[in-house]
Amino acid sequence: FPSFLNTLLPAFTSLLSSSLSASSKKASSSSPQPPQQSQQQQPPPEKPNTIPPNPNIESIQHKLRNTLLEILARFPHNELLRPYSPTLLLLAMDVLKTDYEENALLASRILFDLHKNYRSCGLG
């Protein structure tokens, strides 16, 4: 279980995280744009290696996000998971804010379990 947490939890976090880093936002806003391109609205670039939320529950992206959240929700809440609880908390909050109903429910379940088991840690 510890080796699983060390290797796969960062991968799950990078796949499920939907927020862009502040440095990439600064870099894209500070670079001068030619006049013809600045008039067109371009969607913000997606973070590499992420799976964006998808409203279609039959899509592969939605099913993969849901499966990853199911795995995270079934982690045993013991002392081995305690050092990773702040990371899981931030990830679950991000999913709760950005994802659709089914995945948001799993994220809230993760949040409740973290609070129930680690409230003495100062998770907030």
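This is a predicted model: local features need pLDDT of at least 70, side-chain atom pairs count only at pLDDT 80 or more; totals for chains, interfaces and linings use all residues.
Helix H5, which spans residues 85-98, packs against helix H6, which spans residues 101-118. The axes of the two helices come within 8 Å and cross at roughly 150°. Because an angle over 145 degrees counts as roughly antiparallel, H5 and H6 are assigned to that class. The crossing of this pair is left-handed. On the side of H5, the contact is formed by Ser85, Leu88, Leu89, Ala92, Met93, Val95 and Leu96. H6 contributes Asn103, Ala104, Ala107, Ser108, Ile110, Leu111, Leu114 and Tyr118. By residue class, the contact of H5 with H6 comprises 12 nonpolar and 3 polar residues, with no charged residue.

Helix H5 also packs against helix H1, the latter covering residues 2-16. Here the axes lie 10 Å apart and form an angle of about 20°. Since angles under 35 degrees count as roughly parallel, H1 is described as roughly parallel to H5. The crossing of H1 with H5 is left-handed. Leu9, Thr13 and Leu16 of H1 meet Thr87, Leu88, Leu91, Asp94 and Val95 of H5. The residues of this contact divide into 5 nonpolar, 2 polar and 1 charged.

In one of them, the ring centres of Phe4 and Phe12 are 6.4 Å apart and the ring planes stand at 80°, so the pair is edge-to-face. The pair of Phe4 with Phe75 is likewise edge-to-face, with 5.7 Å from centre to centre and 85° between the planes.

Phe4 has a relative accessible area of 27% and is partly exposed. Phe12 is buried, at a relative accessible area of 8%. Phe75, with 6% relative accessibility, counts as buried. These assignments follow from a cut-off, because buried means under 20% relative accessible area.

Note on methods: Residues are numbered from 1 along each chain as its sequence is written. Side-chain values use heavy atoms; hydrogens and water are left out. Axes are lines fitted to C-alpha atoms, for helices over the stretch in contact, and angles run from 0 to 180 degrees between N-to-C directions. Helices (H or I, at least four residues) and strands (E, at least two) are DSSP runs, numbered from the N terminus. Angles under 35 degrees count as roughly parallel, over 145 as roughly antiparallel, 65 to 115 as roughly perpendicular and the rest as oblique. A crossing is left-handed if the near helix is turned anticlockwise from the far one by less than a right angle, and right-handed if clockwise. Contact means heavy atoms within 4.5 Å. Ala, Val, Leu, Ile, Met, Phe, Trp, Tyr, Cys and Pro count as nonpolar, Asp, Glu, Lys and Arg as charged, and the others, Gly among them, as polar. Rings of Phe, Tyr and Trp (its six-membered ring) pair if their centres lie within 6.5 Å; planes under 30 degrees apart count as stacked, over 60 as edge-to-face and the rest as tilted. Buried means under 20% relative accessible area, exposed over 50%, partly exposed in between (1.4 Å probe, protein chains only).
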